[in-house]
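Please keep the model open while reading.

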Amino acid sequence: MSNGCATATEVRVPRVVLVVLLVFGLVSSAGAQTPPEMPGSPSTTPSEHPVSSLGSFLAGGAIGLAAHESGHLLFDALFRANPGIRKVSFHGFPFFAITHDTGLPRSQEFVIDSAGFWVQQLGNEIILTRRPNLGHERAPLLKGLVAFNVLASAAYSGAAFARTGPVERDTRGMADSLKWKEPAIGALILAPALLDAIRYFHPDAKWATWGSRGVKVGMVLLVARAR
Ligand SMILES: [Zn+2]
């Protein structure tokens with residue numbers, strides 16, 4: 001999560017945390033769990049223990065979360081927005097939000113709030129482009145990462161449609177920056193997530209590939225409208 005309206009910077013994020021999160025983000029973006037395989041060839045990875053597979057899958061999800069937050073922190077740092085961490089709750093479920101200074105220009109606010117989704121979308125783009133047959137491969141870490149990227153976007157879009165959740169939620173900040181209604185942001189987040197899920201199960205669906213890329217590029221271009 002990021003934040004649209006923190007009233008104060010609570011806990012400054014140490015630089016070392018920022019660096020660690022960025023490394024996580026870069027590793028996940030590289031998608032370098034195992035070397036790329038020839039298209040259509042069966043997986044060459046030896047069979048894995050189910051428990052270690054689950055552990056790898058969950059680790060992939062954790063990397064996805066760290067990468068999302070590192071996206072916020074990257075632009076917090078670029079815009080000198082004094083990032084901090086605040087405990088929040090989502091219908092009783094404890095979570096945390098990365099806060100930043102208020103009063104930023106709308107374009108900067110939009111970039112910071114969008115950055116978590118950008119990282120998710122770029123991550124899936126790199127993975128699904130380099131490993132189009134991932135669904136048929138034995139690669140639990142990458143699968144966990146792709147699953148996080150899809151499911152987190154779906155969850156965020158659900159909160160945006162319902163306009164619920166902590167006030168620091170990304171979609172509310174993005175909507176405010178554009179002066180849009182929040183459900184429209186929800187649709188914008190959900191579309192590439194659904195299209196990437198279709199790509200995962202149907203690598204030959206070129207319409208899904210190019211549709212997803214188009215929406216992702218369009219989301220970045222929306223920065224021009226946030227002013
Ligand atoms: Zn976020």
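## Helix 4 and its end

The model is predicted. Helix 4 covers residues 140-162, 23 residues in total. Its span from first to last C-alpha is 32 Å, close to the 33 Å expected at 1.5 Å a residue.

## Helix 2 against helix 4

Two packed helices are described by the angle between their axes and the distance between the axes. Helix 2 spans residues 50-78 and packs on helix 4. The angle is about 45 degrees, and the axes lie 7 Å apart. Angles from 65 to 115 degrees would count as roughly perpendicular, and those under 35 as roughly parallel. Helix 2 and helix 4 are therefore oblique to each other. Their crossing is right-handed. On the helix 2 side, the contact includes Ser-53, Ser-56, Phe-57, Gly-60, Gly-61, Gly-64 and His-68. On the helix 4 side, Pro-140, Leu-141, Gly-144, Leu-145, Phe-148 and Ala-152 are among the residues taking part.

## The hairpin

Strand 2 (residues 84-90) and strand 3 (residues 93-99) run antiparallel. They are joined by 7 bridges. Val-88 has Phe-95 of strand 3 as its bridge partner. Ile-85 is bridged to Ile-98, also in strand 3. The hairpin has 2 residues between its strands. His-91 takes a positive phi there, near 50 degrees.

Which residues does Gly-135 contact, leaving aside its neighbours within four places in sequence? They are Tyr-200 and Phe-201. Gly-135 sits in the loop between helix 3 (106-130) and helix 4. Tyr-200 is 65 residues away from Gly-135 in sequence, yet their C-alpha atoms are 5.8 Å apart. Gly-135 counts as partly exposed because it has 15 C-beta neighbours inside 10 Å. A buried residue would need 20 or more, and an exposed one 12 or fewer.

Arg-106 belongs to helix 3. With 15 other C-beta atoms within 10 Å, Arg-106 is also partly exposed. Its contacts, apart from neighbours within four places in sequence, are Ser-177, Ala-226 and Arg-227. Ala-224 is 118 residues from Arg-106 along the chain, and 10.0 Å separates their C-alpha atoms.

The two C-alpha pairs are set out here.

| Pair | Sequence separation | C-alpha separation |
|---|---|---|
| Gly-135 and Tyr-200 | 65 residues | 5.8 Å |
| Arg-106 and Ala-224 | 118 residues | 10.0 Å |

## The whole chain

The protein has 7 helices and 3 strands. Their order from the N terminus is β-α-α-β-β-α-α-α-α-α. Of the 227 residues, 42% count as buried. What share of the contacts with a separation of 6 or more comes from residues 24 or more positions apart? That share is 76%.

Notes: Residues are numbered from 1 along each chain as its sequence is written. This is a predicted model: local features need pLDDT of at least 70, side-chain atom pairs count only at pLDDT 80 or more; totals for chains, interfaces and linings use all residues. Helices (H or I, at least four residues) and strands (E, at least two) are DSSP runs, numbered from the N terminus. Two residues are in contact if their C-beta atoms, placed from the backbone, lie within 7 Å. Two strands pair if DSSP finds at least two bridges between them. The expected span of a helix is 1.5 Å times one less than its number of residues. Axes are lines fitted to C-alpha atoms, for helices over the stretch in contact, and angles run from 0 to 180 degrees between N-to-C directions. Angles under 35 degrees count as roughly parallel, over 145 as roughly antiparallel, 65 to 115 as roughly perpendicular and the rest as oblique. A crossing is left-handed if the near helix is turned anticlockwise from the far one by less than a right angle, and right-handed if clockwise.
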